[in-house]
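Trainee: Hi, I'm new to this one. Could you walk me through it?
Mentor: Happy to. Let's look at it together.

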Amino acid sequence: SKGLNVSHISTLNQHYSPITAIDFSEDSQFVKVNCSHNLHFFNVEDGNHIEDVSSIKDVKWKTHHCSRSWDMQGIWYDSTGDGAAVNCVDSWIGVGKNIVVAGFSNGRLELN
């Protein structure tokens, strides 16, 4: 099988802790990144960090892996009261139905 044909586009240098999740915008112009408890936004073409996040408030996201983001706020509700932390998320966006799954530090998965 053939591998992906990729080439370097830019480097994103705003992180001071391990990167835990990355999402692409639908048009692939932007990425949002979780590192530690932070959420950062970048322009893919030049790698610039986007300080004015209001400038991208209407961007549609193709992927939803960043647990610390505006569109994943609802997953932080502790439905069992056990204090488990959210480790990972993913979502399926469909016609008339959206599903978000969250994986917790105690091994629990919740579908919303």
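Trainee: Okay, which strand does Asn 34 lie in?
Mentor: Asn 34 is part of strand β2. Keep in mind that this is a predicted model.

Trainee: Is Asn 34 buried or exposed?
Mentor: Buried: its relative accessible area is 0%, and the cut-off for buried is under 20%.

Trainee: What does Asn 34 touch?
Mentor: Leaving out residues up to four places away in sequence, its contacts include Pro 18, Ile 19, Leu 39 and Cys 66. Arg 68 is on that list too, and the backbone oxygen of Arg 68 lies 2.9 Å from a polar atom of the Asn 34 side chain.

Trainee: Let's zoom out. What is the order of the strands in the sheet?
Mentor: The sheet is open, with three strands in the order β1-β2-β3 and antiparallel pairing. β1 (19–24) and β3 (38–43) each have a single partner strand, so one side of each has no neighbour in the sheet. From one strand to the next, the twist averages 20°.

Trainee: How many bridges join β1 and β2?
Mentor: Five, in the antiparallel sense, with β2 covering residues 30–35. Phe 24 stands opposite Val 31 in β2.

Trainee: New topic: where is Ser 25?
Mentor: Ser 25 sits in the loop between β1 and β2. Ser 25 is buried, with a relative accessible area of 1%.

Trainee: And which backbone nitrogen lies 3.1 Å from a polar atom of its side chain?
Mentor: That of Gln 29. Beyond its neighbours within four places in sequence, Ser 25 is in contact with residues including Phe 30, Val 59 and Trp 61.

Key
Residues numbered from 1 in each chain as written. Predicted model: local features only at pLDDT ≥ 70, side-chain atom pairs only at ≥ 80, totals over all residues. Heavy atoms only, no water. Pairing = 2+ DSSP bridges. Helix = DSSP H or I, 4+ residues; strand = E, 2+ residues; numbered from the N terminus. Axes fitted to C-alpha atoms, helices over the stretch in contact; angles between N-to-C directions. Buried < 20%, exposed > 50% of the residue type's maximum accessible area, 1.4 Å probe, protein only. Polar contact = N/O pair within 3.5 Å; in protein donor to acceptor, adjacent residues only side chain to side chain. Contact = heavy atoms within 4.5 Å.
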